[in-house]
Every structure is written in C-alpha cells, then in structure tokens.
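Please open the model in your viewer and keep the sequence panel beside it, so that each selection can be followed in both places. The tour begins after the display.

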Amino acid sequence: MESPPLIVNGRKYRWPQRPVVVVCVDGCEPDYISQAIEAGAAPFLGGLNGRGTCLTADCVVPSFTNPNNLSIVTGTPPSVHGICGNYFWDAEAGAEVMMNDAKYLRAGTILAAFAAAGAKVAVVTAKDKLRSLLGHELAGICFSAEKAHEATLAINGIDDVVSLVGMPVPSVYSAALSEFVFAAGIKLVERERPDIMYLSTTDYVQHKSAPGTRHANDFYAMMDRYLGELDASGAAIVVTADHGMNAKTDAFGRPNIVYLQDVLDGWFGKDVARVILPITDPYVVHHGALGSFATVYLPDDRIADAAQRIAALAGVELVLTRENACARFELPPDRVGDLVIVSERLTVLGSSIARHDLSGLDVPLRSHGGVSEQRVPLIANRPPLSLPPGRRWRNFDAFDLALNHLQ
Ligand SMILES: [Zn+2]
C-alpha cells in the first residue's frame with residue numbers, strides 16, 4: 001500500500017518509491033563536475049548526460065555551509081528555519097555565538113518528518129558541527145565522520161560505525177573525511193536500506209584546489225565511484241551543493257581582503273560598529289574566517305553614512321539595509337545586522353587584521369559567502385517526470401526534485 005504524501009513546512013513530498021539519497025557536496029562549484037567529466041575522472045556523472053537530470057540551482061546567500069545544509073533538509077530559506085550563518089550576534093543574549101545549536105532552529109526537517117511517519121532515515125555529515133542541527137528530533141541514524149568513533153545507539157541511532165565503514169576516522173582537515181561519508185553511505189544502504197539518506201561532505205579540497213586541478217579531479221573521481229555504487233544499489237540520487245567556491249586573490253595569488261572593522265573603526269572610532277562574519281566557525285585553518293559576506297551593527301545615526309562609504313570601497317559588490325537584505329536573500333531580520341555587505345567574486349571581507357590568522361593558508365585563498373558563489377549543481381541519476389518551465393531551482397528543492405519530480 002502506498003503511503004500518503006507528507007506536508008513539511010508547507011511543501012508536499014511524496015513517499016519514497018525507492019531509497020532516496022540526497023548528497024550535499026560542500027563547495028561544489030558546477031565547474032568541478034564539468035572539469036572532472038572532461039578529464040575522464042567522473043565517468044558515472046558524465047554518463048548521466050542523457051539518462052539523468054542536470055539543473056543549475058541557486059543556493060542561499062550567505063553562501064555558507066550551515067544555512068544551506070539547513071535549507072536543504074527543511075526545504076525552506078533561512079527566513080523560515082532561522083539558521084543564517086555559522087555565527088551571529090545574539091541580540092537577546094548580548095553575545096557573539098555559534099549558531100550550530102538546535103535551539104536556534106525554527107523549522108522541523110524533512111528527515112525528521114519522514115522518520116516520524118515511519119520511514120527509515122539516515123544522515124551522515126563530515127564535520128560534527130552540523131550533526132545536532134541535521135539530526136534535530138530525528139528518530140533515525142545520524143552521525144559525523146569526524147566523531148564516527150564516538151557514535152552510540154542512544155545518541156546516533158547506530159554504533160560501531162568505524163568497523164561498519166572499514167576506514168579509520170580521518171583528520172578533520174582532509175579529503176578522506178568526505179570519503180568516509182560516502183563509504184558510510186554505501187554500507188548503510190547495503191545493511192540498513194534506508195528510505196531516505198542525506199550525505200553532507202566537507203569543502204577541504206574545494207578551498208584548496210580549483211576545478212580541473214589534479215587534487216580536485218582526484219576528489220571527484222572518488223565521489224564518482226561511490227555515486228556509481230549507490231546508483232547500482234537502485235537508489236534515486238540527487239547531488240547538489242551548499243555553495244560554490246572561488247579564488248579570492250589578485251593575479252599574483254595574494255588575497256584581496258577588505259578589513260571592515262578596521263575601516264569602520266577609522267571612520268567612526270574604535271568599536272562603534274560591530275562587524276560579524278557569519279563564516280566564523282571552529283574550523284578556520286583553510287579560509288582564515290574570510291568570506292564574501294558580512295553584517296554590521298551600527299548606531300542608528302551612522303547607518304546611512306556607513307552604507308554609502310562602504311559601497312564605494314573597492315571589492316564591495318552590494319551594501320543592503322537589513323530590510324532589503326532580508327527581503328532579497330530570505331533571511332531572519334532578528335539575526336541580521338543593520339547592514340549586509342557582499343563582496344565581489346575576487347574579494348573577501350574581514351573584521352580587523354589582528355583577528356585573522358592566515359598562517360594556515362598554504363595555498364592561495366579560495367572562499368565563498370557571496371552572490372558569486374550562488375550557482376550550484378542539482379543533478380539526479382534519473383530523468384525528470386516533467387519540470388515546470390522557467391522554474392528557478394534552489395538547492396533546497398533537492399528533496400522536492402528527488403521525491404516529486406523524478407521518474
Ligand atoms: Zn560549505
């Protein structure tokens with residue numbers, strides 16, 4: 001008997017007819033895939049041309065990891081689910097805090113809803129920072145590659161993950177951390193046969209290596225092998241990304257950085273303005289907490305002046321008031337500053353120079369956060385039923401595509 005569709009956050013999802021796997025490839029600019037196919041490194045993905053679905057979608061801005069992963073698993077923008085950065089100014093608490101606690105989440109996930117309705121659901125994420133958000137109220141399997149050795153039946157719905165996967169727990173800064181996610185996904189499909197599975201990798205490789213380079217193609221070759229195995233298992237697969245990735249450097253490979261806090265301190269006096277960089281998280285080695293999106297809190301009488309002067313800075317693409325930014329990017333106004341600043345493709349925004357440790361950058365800076373990293377792939381291993389013409393696809397339509405629009 002067929003189960004009725006589920007309504008989650010106002011959107012309707014059909015019950016899975018076969019195992020459905022949604023993969024969020026962290027930092028996957030579409031060019032990574034096309035270059036890997038061109039180089040012969042991704043024969044499975046290349047072979048989908050003609051028998052699968054290939055769309056280009058827009059991610060959520062700020063084009064960061066947490067807002068987009070939460071958009072994908074809730075099917076909504078941050079104005080609904082509340083997670084608009086890795087880090088924010090909690091006005092109520094009067095403190096700058098990480099936003100990776102589930103208490104900040106304002107919407108339930110598609111994963112938890114299906115699990116509550118009786119589906120078998122599994123989630124594997126590379127970094128542990130996402131686990132509590134992705135696994136919020138989920139009666140199913142949810143663990144990170146980073147802390148796979150700590151998974152317990154009580155907390156993660158599974159134990160002994162390391163022997164299941166047959167791979168040692170990798171370093172948090174490695175390509176292997178993402179490989180662990182795929183390897184775990186294959187083993188879970190074989191042993192647990194989940195109805196719905198969500199896999200989320202890390203962008204370690206994408207921060208270091210441009211599309212078409214050897215390291216990037218090696219990563220996509222690895223991913224391609226696992227996707228081929230998942231395909232052979234009969235799963236319907238949708239591959240998307242949380243955001244793209246671009247070089248943020250001049251022609252010599254030196255980073256283009258606007259240190260906004262220093263600039264504003266120079267104009268208005270020390271700490272009159274408060275610059276928040278929502279890319280900030282505990283894992284900053286590969287990007288030095290530098291991205292193309294910032295939000296600023298200012299005294300009311302400085303906002304208009306600051307907006308005008310910031311907009312004139314080299315490398316700045318957009319300056320929006322809170323109201324305009326929240327309307328355009330679908331963000332929660334109570335978690336956004338008075339101004340939102342987006343830098344252009346080759347430039348990142350910093351706070352003050354003393355707060356950024358760039359010593360871990362052993363290759364020219366690549367990062368994300370802006371509108372320039374908004375295009376992401378939305379690819380499926382099956383042909384579409386029928387796609388509404390002219391629809392602007394979002395990465396958070398991944399479950400809609402997987403459950404409602406594939407043959
Ligand atoms: Zn990411």
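Begin by selecting the zinc ion, where the four donor atoms subtend angles of 91 to 139°, which makes the arrangement irregular. Donors are N, O and S atoms within 2.8 Å of the metal (3.2 Å for Na, K and Ca), and water is not among the atoms, so sites may look incomplete. Four donors count as tetrahedral if all angles lie between 85 and 135 degrees; four count as square planar and six as octahedral if opposite donors are over 155 degrees apart and all others between 65 and 115, and anything else is irregular.

This is a predicted model, in which local features need pLDDT of at least 70 and side-chain atom pairs count only at pLDDT 80 or more, while totals for chains, interfaces and linings use all residues. Residues are numbered from 1 along each chain as its sequence is written, and side-chain values use heavy atoms, with hydrogens and water left out.

Next, select Asp26 (OD), Thr65 (OG1), Asp242 (OD) and His243 (NE2), which coordinate the zinc ion at 1.9 to 2.2 Å. Asp26 counts as buried because its relative accessibility is 3%, and His243 counts as buried at 0%, where buried means under 20% relative accessible area, exposed over 50%, and partly exposed in between (1.4 Å probe, protein chains only).

Finally, select Pro332, in the loop between helix 14 (322-329) and strand 16 (339-343), which counts as buried at 1% relative accessibility.

How values were computed: Helices (H or I, at least four residues) and strands (E, at least two) are DSSP runs, numbered from the N terminus.
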